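Let's walk through this structure together, one piece at a time. Have the sequence and the model open side by side as you read.

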Amino acid sequence: MRFAKVSKGLVAALMASTTLTACAGGGAARPELPPATFVASKEQPGEEYVIGPLDSLSIFVWRNPELSSKVQVRPDGRITTPLISDMPAVGKTPAMLAADMKLALGEYIKDPIVSVIVDSFSGTFSQQVRIVGATQKPASLPYRANMTLLDAMIAVGGLGEYAAGNKARLIRYDRATGKQTEYGLRINKLLKDGDASANVRLEPGDVIIIPESMF
């Protein structure tokens, strides 16, 4: 019985020691992304836009106004227009969707000319920047060309009252390699200290997680 008590005490001591060590060390340091300027030195187009669920589209069929329409992409990723039912739209660029609609309408009219315009943007998850955790208003933001961490934080109203901004992390998926990498962020340094080196460029699909401070 005495040995059991000593063993339990030893286990408790070891667990406490391990916890303190982990807190002191903070785990392995995450890599950091290179700093980005607050304003891009050269504006350039981003990746070609891919239609997502709930996007609003204007579809024009030249010289056939009765076939033109304004539609919203359904949650299942499809649209319905005059003469065309359940056309897949999600995952296509506007030009790709226009080409598919031209092919479908070709069964009814000769050589249709179709244009697709995106009126309001939601985009696919792979084209959004998602910010969760201790922020004023967690959100999924449509990615914009040359978007930076500062732009994203302005959009969500900054950090929450108890946010541990310098312990935030960015999760990025590399579609070329299929690997996911975590990077450390210093949001407090950026927003409270004005440290320009803490501003980093974002990419479509990035997820920013902001923990709360323990104290």
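Predicted model: local features only at pLDDT ≥ 70, side-chain atom pairs only at ≥ 80, totals over all residues.

## Strands and pairing

## The open sheet

Where does that pair sit in the sheet? β6 and β10 belong to an open sheet of five strands, and the order across it is β7-β6-β10-β8-β9. The pairing in this sheet is mixed. At the edges stand β7 (139-142) and β9 (179-184); each has a single partner strand, so one side of each has no neighbour in the sheet. Going from one strand to the next, the twist averages 20°.

## The chain as a whole

Stepping back, the protein chain holds four helices and ten strands. Read from the N terminus on, its elements go α-β-β-β-β-α-β-β-β-α-β-β-α-β.

The chain has 215 residues, and buried ones make up 36% of them. As for contacts between residues at least 6 apart in sequence, 55% join residues at least 24 apart.

## A look at Ser69

Now over to strand β2 (residues 69-72), where you'll find Ser69. Is Ser69 buried or exposed? Its relative accessible area is 18%, and since buried means under 20%, Ser69 counts as buried.

Which residues does Ser69 touch, leaving aside its neighbours within four places in sequence? Ser69 is in contact with Leu57, Ser58 and Ile59, and also with Thr81 and Pro82.

## The second largest pocket

Last stop: the second largest pocket, with a volume of about 360 Å³. Its lining takes in 21 residues, and those nearest its centre are Glu47, Arg175, Glu203, Pro204 and Gly205.

What kinds of residue make up the lining of this pocket? Eight are nonpolar, six are polar and seven are charged. Strand β8 (residues 169-174) supplies the largest share of the lining, with four residues.

Terms used: Residues numbered from 1 in each chain as written. Heavy atoms only, no water. 1 Å grid on protein atoms, 1.4 Å probe; cavity = no way out; pocket = protein on both sides within 12 Å on 5 of 7 lines; lining within 4 Å. Points joined across faces, edges and corners; volume = space filled by probe spheres on them. Helix = DSSP H or I, 4+ residues; strand = E, 2+ residues; numbered from the N terminus. Nonpolar A, V, L, I, M, F, W, Y, C, P; charged D, E, K, R; others polar. Pairing = 2+ DSSP bridges. Axes fitted to C-alpha atoms, helices over the stretch in contact; angles between N-to-C directions. Buried < 20%, exposed > 50% of the residue type's maximum accessible area, 1.4 Å probe, protein only. Contact = heavy atoms within 4.5 Å.
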